[in-house]
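Please load it and keep the sequence at hand.

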Protein chains: 2
Amino acid sequence: MNLPRLLLRYRALITEGLAKTLHGESSLHAILRYHVGLEDSQGKPIEGVGKLLRPSLVLFVVEELCGDVEKALPGALSIELTHNFSLIHDDIEDRDLMRRGRPTVWSLYGVEQGINAGDLMQAMAMSQALIAGRAEAKALSEATAEMIEGQGLDLEFEEEIGISHYLEMVDKKTGALIRCAFRLGALLAGASPILEQTLMAVGQEFGRAFQIRDDLLGIWGDGVQTGKPQGSDIRQKKKTLPITVALARAVGEEYTILHQIYGKEEVTDTDVGRVIAVLEKLGAKDVGEKMVTDHLSHANEKLRNVPLSARGKEEMNELIDYLARRER
Amino acid sequence: MNLPRLLLRYRALITEGLAKTLHGESSLHAILRYHVGLEDSQGKPIEGVGKLLRPSLVLFVVEELCGDVEKALPGALSIELTHNFSLIHDDIEDRDLMRRGRPTVWSLYGVEQGINAGDLMQAMAMSQALIAGRAEAKALSEATAEMIEGQGLDLEFEEEIGISHYLEMVDKKTGALIRCAFRLGALLAGASPILEQTLMAVGQEFGRAFQIRDDLLGIWGDGVQTGKPQGSDIRQKKKTLPITVALARAVGEEYTILHQIYGKEEVTDTDVGRVIAVLEKLGAKDVGEKMVTDHLSHANEKLRNVPLSARGKEEMNELIDYLARRER
């Protein structure tokens, strides 16, 4: 599945901006270039940057609201750097070995330099946001704090969290930054506070759809496509949407299976298979897929109040379609 | 040894500011209050905050340059929060179990929440700096990046780094934030760029004196006073000033002893004793003590170009005396 035009339009600009920002002689800078996919572990240039969803959304909103795209670049970079700093630290916390099909930073350079690399990237994100402006930096630092609180909630939650708790966590952990992308776009284009709020509401729906799709891919996705081992979210007992749904619906034997396996120290391949069978039997996959579509429709409805160009509407529809069906 | 007046003057104001800033219901907020010493691990209020050197310096400079101390508080807090975020992450990286006589955050709450707690504190530091202003936030984010790069260098350096490399690392790892404290004071008081530069040069000397004194305490300090097990820096094979000096001076048997022990996986109590004996024989302790005094004299000379009040001069002298002789 190819990237939609909205994610291709600004890709060269953002990639070049990332390369300039992460330029530096120290080994921490080299680690950051490795992490975002500008270089391999030997420092050789590669084309490995991710989807660039968040910074592309910033620049798309700026362009649609007739702002200056080039001038908005530092703001867009600030959010991509923040996203990437959180990935470096998340990978340490989850002990994930693979990210985008390549070894994670900590697994190559150790936990210590992994922590430092993430910290440096958070500081660099803020430097970029400060080039954009004080309001932009304030928006980013609020979103960063909210994202980290969501990450903290994720670790803290007990097994049976219920869907409303799940969404509360997702609105922070994933939603905060995607809302902030729309918000930065609005701020950088000088949009009205009402339009800023509308765009943030769109971001909230995008965040939910994005995370739930991620959760589905973490269980049913093709490892080659996602860049992570198949079923790894179950092996790591992550509190994803399908599990949340299944735990709310399970009775009798299925309830016992889920609880037993999620209570184990080590989850085996057989366990993963049994959990997936229960999830499917209880319709958790279907619920997830419906939620993705629903949240994207809500986003679409809210977008009616945003003055998009004809081209902008078309590209946004294409993006929404991509987000609903992406395999990576 | 009592705290000097300069560190007592603003203590209540800063402590109250920290409590307000770190107020919050989430468990991450509770972890942050525990870390800075506002609460014990049960959430009971304690009087455990550290020396508050950096924020006190900010407010001292502001007051001496006739700025508004109350209005400068967020800037002062931003630097204390940054310092504390780095301590939370440093303790994970060094696997330190004790800090200020209490268990470290990661040892109580796990590495995962330790990483999150530090990340949240970095974001909160930036929020405070942004209340102060864009220039202040820019100064802080630059200093933060430099501090982290210094931390990265520390991990990366080979055994024999030499004194000039050691100082380069210290100027980043420790100096960046102390320079920034003086700089924020200057910015918040609206000082001239020349005075800002002078104050930062004072901060550089303070940073070196502070770190070298810390290194001496990490080897010869009383564990009850420092809040860390005695000799722990040697047990952890840290690249401190005394070791740097000794490695540069050692020949024959002493060279072999140092290299052997610093090359071992596990350093025993006997090893620690043997290293300390070599350090003392080679005069590394004396060199360290002389360097502390020298850098503080340089600071004092540079302070002659700063228009301090009579009281300010007196309190600054008292602080310098304290920094030369502090036991914790």
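The report below goes from the overall fold to one helix and then to the pairing of the chains.

## About the model

This is a predicted model, in which local features need pLDDT of at least 70 and side-chain atom pairs count only at pLDDT 80 or more, while totals for chains, interfaces and linings use all residues. Residues are numbered from 1 along each chain as its sequence is written, and chains are lettered from A and ligands numbered from 1 in the order in which they are written.

## Chain A as a whole

Chain A has 17 helices and two strands; helices (H or I, at least four residues) and strands (E, at least two) are DSSP runs, numbered from the N terminus. With a radius of gyration of 20 Å, close to the 20 Å from the globule rule for 328 residues, chain A is as compact as a globular protein of that length. The radius is taken over C-alpha atoms, and the rule is 2.2 Å times the number of residues to the power 0.38.

Along the principal axes, the C-alpha atoms of chain A fill a box of roughly 60 × 45 × 35 Å. Of its 328 residues, 51% are buried, where buried means that 20 or more other C-beta atoms, placed from the backbone, lie within 10 Å of the residue's own. Among the contacts in chain A with a separation of 6 or more, 70% join residues 24 or more positions apart; a contact requires C-beta atoms, placed from the backbone, within 7 Å.

## A kinked helix

Have a look at α6(A), residues 105-132. Its end C-alpha atoms are only 29 Å apart, whereas a straight helix of 28 residues would span 40 Å at 1.5 Å a residue, the expected span being 1.5 Å times one less than the number of residues. A kink of about 105° is centred on V111(A), the bend being the angle between axes fitted to the seven residues ending there and the seven starting there.

In α6(A), 23 of the 28 residues are buried, so the helix is largely enclosed by the rest of the structure. Just after α6(A) comes G133(A), with a positive phi of about 155°.

## How the chains pair

Chain B superposes on chain A by a rotation of 180° with 0.0 Å of shift along the axis, at an RMSD of 0.0 Å. That is the relation of a two-fold axis. Within chain B, R134(B) comes closest to the rotation axis, its C-alpha at 2.9 Å.

In the interface, 30 residues of chain B contact 30 residues of chain A. The elements giving two or more residues to chain B's side are α3 (27-36), α5 (73-94), α6 (105-132) and α7 (134-156) of chain B.

Methods
Contact = placed C-beta atoms within 7 Å. Buried ≥ 20, exposed ≤ 12 C-beta atoms within 10 Å, placed from the backbone. Least-squares fit on C-alpha atoms with pLDDT ≥ 70 in both.
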